[in-house]
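Q: I would like to learn how to read the features of a protein model. Could we go through them one at a time?

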Amino acid sequence: MDIKTIKTERFILTKMTEGDGDKYFRLSNNDNVMKYVTGYSLNRQESDEMLKAFLEENKSNSYLGRYLVEDIESGELIGAAKLDKVGTEIEIGYRILEEQWGKGVATEIATGLIKFIKTALQTQSIIAYVNVNNAASIRVLEKSGMVNIQTIEDIDEVKYKFSYNPINNPSMKKVLYIVLGLVALVLIAALIMPKDYAVEKEVTINRPKEQVFNYLKSLKNQDNWSVWYSKDPNIKKNFTGTDGTVGFTSMWDGNDDVGKGEQEITKIEEGSRIDTELRFIEPFESKSNAYMIAEPIDSNSTKVKWGFTGSMPIPMNVMLPFMGIEKSVGKDFQDGLSNLKGILEK
């Protein structure tokens, strides 16, 4: 039989052999160590008989069986451990010398066994049994990422069945708490931060207000001066209604730069203002409002304001500061207005 070993940070677990009688007797000849095993310490004969039974289990050339736990550097005896197959599950167990209690030994061994089973034996079906009165071992199993799933009443003992649950693992818990904390921070920030956004740009056009307004209220004319339509020369356009009147809708379907959507005239204040609703479909669905305002400066010049307003729902509004709407949309608006000025002043 090959001598199987399992290593943790401080300890090495080696399958028991016939030459381990003295070591095993040192472990089993202690009332406190054997309290939840036999209920009493073993004499040498009883210890050897128990070891003999374990060696029968160890004949299998696998990692299943009984192990001695020793210090990886000094070789000092620390305790014993086991890996047993129970149906489709792997059971872990351990016993620690009394003088090693309170040093985190049991937790390291239990955690090491679980890690080994997951990686080398490639299974998550890991269990352990513990007496309901063994508070120390219950705590060890919980710290190792196991949870109590069942109470079993045997003839001579009442015990808990623990099962490994990755979510209960301390490191996984830490990650989960961090994620939940970040989610909470995002929600708090979303409640505090504004949901509304607005962009407005303006330009002076050296033409009478009536001429400027009549050109503005035609959505089809936007194709001539809006920078968005120039980003896709192959953009597909469709229209419904009468251009320059309430209800007229311009629909577009373009590349990734312009996406897909529609713009509808919702209100006209003749000679001064046009309101539209922008309904974006791709790359994401959203609605915004836009407006064009024409204000006379004198009989031959007009101030044109182009605005864009909207609202972003919680918690998506936390992205507003990072989207740079003022910078990106604002630049497109200003460039578009410059194009409009150039067309009308020709």
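Q: Is Q122 buried or exposed?
A: Exposed means over 50% relative accessible area, buried means under 20%, and partly exposed is in between, with a 1.4 Å probe and protein chains only. Q122 counts as exposed because its relative accessibility is 68%. This is a predicted model, in which local features need pLDDT of at least 70 and side-chain atom pairs count only at pLDDT 80 or more, while totals for chains, interfaces and linings use all residues. Residues are numbered from 1 along each chain as its sequence is written, and side-chain values use heavy atoms, with hydrogens and water left out.

Q: Where does Q122 lie?
A: Helices (H or I, at least four residues) and strands (E, at least two) are DSSP runs, numbered from the N terminus. Q122 lies in the loop between helix 3 and strand 6. Its phi is near 55°, a positive value in a residue other than glycine.

Q: How many helices and strands does the chain have?
A: There are 10 helices and 15 strands in the chain. The chain has 346 residues, of which 42% count as buried.

Q: How do I read a figure for the accessible surface of the chain?
A: Accessible areas come from the Shrake-Rupley method with a 1.4 Å probe; for residues, only the protein chains shown count as cover. For this chain the accessible surface comes to about 19,000 Å², and 52% of that belongs to carbon and sulfur atoms.

Q: What share of contacts joins residues 24 or more positions apart?
A: Contact means heavy atoms within 4.5 Å. Among the contacts in the chain with a separation of 6 or more, 53% are accounted for by residues 24 or more positions apart.

Q: Which residues does L68 touch?
A: L68 is found in strand 3. With residues up to four places away in sequence not counted, L68 touches I12, L13, T14, M16, D20, K23, L77, G79 and A80. L68 is buried because its relative accessible area is 3%. L68 and A81 are 13 residues apart in sequence, and their C-alpha atoms are 6.4 Å apart in space.

Q: Is V86 buried or partly exposed?
A: V86, in strand 4, is partly exposed because its relative accessible area is 30%. Leaving aside neighbours within four places in sequence, V86 is in contact with E91, I127 and Y129. V86 and I126 are 40 residues apart in sequence and 9.5 Å apart in space, C-alpha to C-alpha.

Q: Which residues have the most contacts inside the largest nonpolar core?
A: In soluble globular proteins, nonpolar side chains tend to be buried together. A nonpolar core is a set of buried Ala, Val, Leu, Ile, Met, Phe, Trp, Tyr and Cys residues joined through side-chain atoms within 4.5 Å. The largest one here has 29 residues, and those with the most contacts inside it are L13, L83, I92, Y94, I109, L113 and M146. Helix 3 gives the largest share of this core, eight residues. Apart from this core lies another, of 27 residues, among them F213, L219, W225 and W306.

Q: Which residues is I109 in contact with?
A: Neighbours within four places in sequence aside, I109 is in contact with F11, L13, V69, A81, Y94 and I96.

Q: How do I read a cavity, and which residues line the largest cavity?
A: Rolling a probe the size of a water molecule over the atoms shows where empty space is left. On a 1 Å grid over the protein atoms alone, a cavity is a set of points where a 1.4 Å probe fits but cannot get out, and lining residues have an atom within 4 Å of a point. Grid points are joined across faces, edges and corners, and a volume is the space filled by probe spheres set on the points. The structure holds one cavity of 30 Å³ or more, and the largest cavity has a volume of about 50 Å³. It is lined by L216, L219, Q222, Q263, I274, T276, A290, Y291, M292 and W306. The largest share of this lining, three residues, comes from strand 14.

Q: Is K305 buried or exposed?
A: K305, in strand 15, is buried because its relative accessible area is 19%.

Terms used:
On a 1 Å grid over the protein atoms alone, a cavity is a set of points where a 1.4 Å probe fits but cannot get out, and a pocket is an open set with protein on both sides within 12 Å along at least five of seven lines; lining residues have an atom within 4 Å of a point.
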